[in-house]
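Hi,

Here is the structure I promised to pass on to you. Have a look at it first, then read my notes below.

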Amino acid sequence: MSKYLYVYTLSLQNVLQRRASLLMDRVGGIATLLALYFFWSSIFKDSATVAGYPKAQMLTYVLMMSLLRSLVFTGRGWEVVGEISSGRLSNYLIRPIRYLGYCLSLDLAQKTVHCAAAVFEISILILVLGAPFHIPQSPQTWVLFPIIATFSTLLFFLLEFLVASLAFWTSESGGPLFCFDLLVQFLAGAFFPLDVLPRALQAALYMTPFPYLVFFPIDVYLERAPTEMALKVLATQGAWLVVVGMAAATVWRRGLRNYAAEGG
Amino acid sequence: MPAIEISDLTKEFRVPEKNPGLWNAAKSLLRRRFRAIPAVTGLNFSIQEGELVGFLGANGAGKTTTLKMLSGLLHPSSGTANVLGYTPWQRRTAFQKQFSLVMGHRTQLWWELPAQETFRLNQEIYEIPDAQYRATVEELVELLELRDCMSIPVKKLSLGQRMKAELAVSILHRPKLLLLDEPTLGLDVVMQKKIRQFILEYNRRYRATILLTSHNMDDVVELCPRVILIDHGRLLYDGSLRQVVERYAPHKVIRADFNEAVSPVELARIGRIAQYQGTRAVLEVPRGEVSPRAADLLTHFPVADLTIEETPIQEVVRRLFTQAPSKAAPRG
Ligand SMILES: Nc1ncnc2c1ncn2[C@@H]1O[C@H](COP(=O)(O)OP(=O)(O)O)[C@@H](O)[C@H]1O
Ligand SMILES: [Mg+2]
């Protein structure tokens, strides 16, 4: 266990050392946040509720989205693809360390820094712009939401790892991950709440793991549905974690048999 | 029990056919054709604990592929391997804690951080007790003259310094088996020598088994009592270095540049002329007489530059092919 903790601290150093790239990431995030924020603010000029969301809820959705983006959507996918196709993966395969755990430790370090930055940015926005912000009222939400957010994080991590593992077979390696990256934020509800979509589309989407990454978690945070709904979200996330986890393990095992350990 | 024992080890790579042209590229989208590249074919050898063995062959002979199978990175197409009592590609933790693979142009050091951070990381990964860790690092830093390199980001080290740090970090856990792939590749002569000395020292001190690949005869002549030579993935020779040197590399090569054209007739007394271009010549000189002949050359010819080299591996391989009585000579 302590080896993964050490990887985490090393990686923390590394993230902080690359200030320029960290700054760029944050600026990109803030730009998206501001764009969405002002977009929704202007829509609420004419009406008190839009698609069943009062203004405060919709703006909270946008702000929480920004936080979850830093928590859930920072993956290691491209690094995994790179390490598989360049053969740098070999470095880990010959040492007594689990690659999945290693990646997760690296990723958690990124998430730590980005979440801290996001909390800071959001607080500034609330203070400066006087953004209305929903604070959960019921104690259940305070208990359940952190667990649900953790499950989201793990679910995205495993999903991305699964897609990245396809690099064992695709020689132009990045293709599947590129498509995944393009679609996942949209399907997860990272730009708008999914319940503004037509019903049929919603129903189809809810059959996939994507809405469980951010849409349902924020729904729980906003306390729009009763507590049973939150428990249902948690249970479904758990089921997806098992399914995706097993798929990722299988694909990884097969991939390793196919691995050519190129280079060197 | 031998440290390494392989039998009929074979590896074929399957690579997609790539034919030139847009039309062929489009066709291969629909149906991919694969071609098998044999990299290692029916290899057999066994290495005892504590041996230092040179694994030789021209570029592309299959040395790296063999090491990758021995370290468990690649599954063989067929055949078996037993390394320290394990099947390498099962990747057991107990096995991984006992060996190291070092590749000359690969790094496990974290590029942006000082080398000492990767050292600490390996302490954690291999679960090395603090006291042993401190003692080992101290010893390695001393032996490899690494003191100044430890706290500089790895990307700022020279190739030679990086290679030394690479070796050091790879043996922190005192592996019983060291697989070295071209450890001296790209290094200058002085650095090559240092690395070789260190390898020898590690072998002696810990009775570690070392298998070292190279396509540079110098590495092996200095280090390895035994050599295994492969060509096109097949075993060509497995036996004492002395025998190879006496039979197939009895000469060293003197490469000389002259300030003005010299007479080939006079040069012939120094050694057999392998190449001659007026102001430049390559001479083959019997191993035992290199010093006097080089001295002769320096005093009686207008030498601008001179190097003394081992017979290139390719040449040894060629001679083995054409002269060897039986292809795989008995070990001796
Ligand atoms: N990942 C790979 N895919 C396809 N062919 C490979 C791969 N790795 C090595 N080869 C081929 O296998 C042969 C042996 O390569 P290698 O073991 O690297 O040789 P050496 O280390 O002796 O120079 C070469 O012909 C090389 O092109
Ligand atoms: Mg090689």
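From the N terminus on, chain A runs α-α-β-β-α-α-α-α-α-α-α-α-α, which comes to 11 helices and two strands. Helices here are DSSP runs of H or I with at least four residues, strands are runs of E with at least two, and both are numbered from the N terminus. The radius of gyration of chain A is 19 Å, close to the 18 Å from the globule rule for 264 residues, so chain A is as compact as a globular protein of that length. (That radius is taken over C-alpha atoms, and the rule is 2.2 Å times the number of residues to the power 0.38.)

Before you read on: this is a predicted model, so local features need pLDDT of at least 70 and side-chain atom pairs count only at pLDDT 80 or more, while totals for chains, interfaces and linings use all residues. Residues are numbered from 1 along each chain as its sequence is written, chains are lettered from A and ligands numbered from 1 in the order in which they are written, and side-chain values use heavy atoms, with hydrogens and water left out.

Back to chain A. Its C-alpha trace spans about 65 × 40 × 35 Å along the principal axes. If you take contacts (heavy atoms within 4.5 Å) between residues at least 6 apart in the sequence of chain A, 79% of them join residues at least 24 apart.

Chain B has 12 helices and 13 strands. Its C-alpha atoms fill a box of roughly 65 × 55 × 50 Å along the principal axes. Of the 332 residues of chain B, 51% count as buried. Among chain B contacts between residues at least 6 apart in sequence, 71% join residues at least 24 apart.

Now for the rings. How many aromatic pairs does the structure hold over all chains? There are 27. Rings of Phe, Tyr and Trp (its six-membered ring) pair if their centres lie within 6.5 Å; planes under 30 degrees apart count as stacked, over 60 as edge-to-face and the rest as tilted. Take F95(B) and F99(B): their ring centres are 4.7 Å apart and their planes at 20 degrees, so this pair is stacked. F95(B) is buried at 1% relative accessible area, and F99(B) is buried at 0%.

F258(B) and F301(B) have their ring centres 6.3 Å apart and their planes at 50 degrees, so that pair is tilted. This pair links distant parts of the chain, 43 residues apart: F258(B) is in strand β10 (residues 251–258), and F301(B) is in the loop between α11 (290–300) and β13 (303–309) of chain B. F258(B) is buried at 6% relative accessibility, and F301(B) is buried at 7%. Over in chain A, ring pairs join a cluster that includes Y92(A), F157(A), W169(A) and Y259(A).

Two backbone spots to look up as well. A51(A) has a positive phi, near 50 degrees, and is not a glycine. It sits in the loop between β1 (49–50) and β2 (53–54) of chain A and is partly exposed, at 42% relative accessible area. L84(B), also not a glycine, has a positive phi of about 50 degrees. L84(B) lies in the loop between β4 (78–83) and α3 (93–96) of chain B and is buried, at 11%.

Cheers

Technical notes:
Buried means under 20% relative accessible area, exposed over 50%, partly exposed in between (1.4 Å probe, protein chains only).
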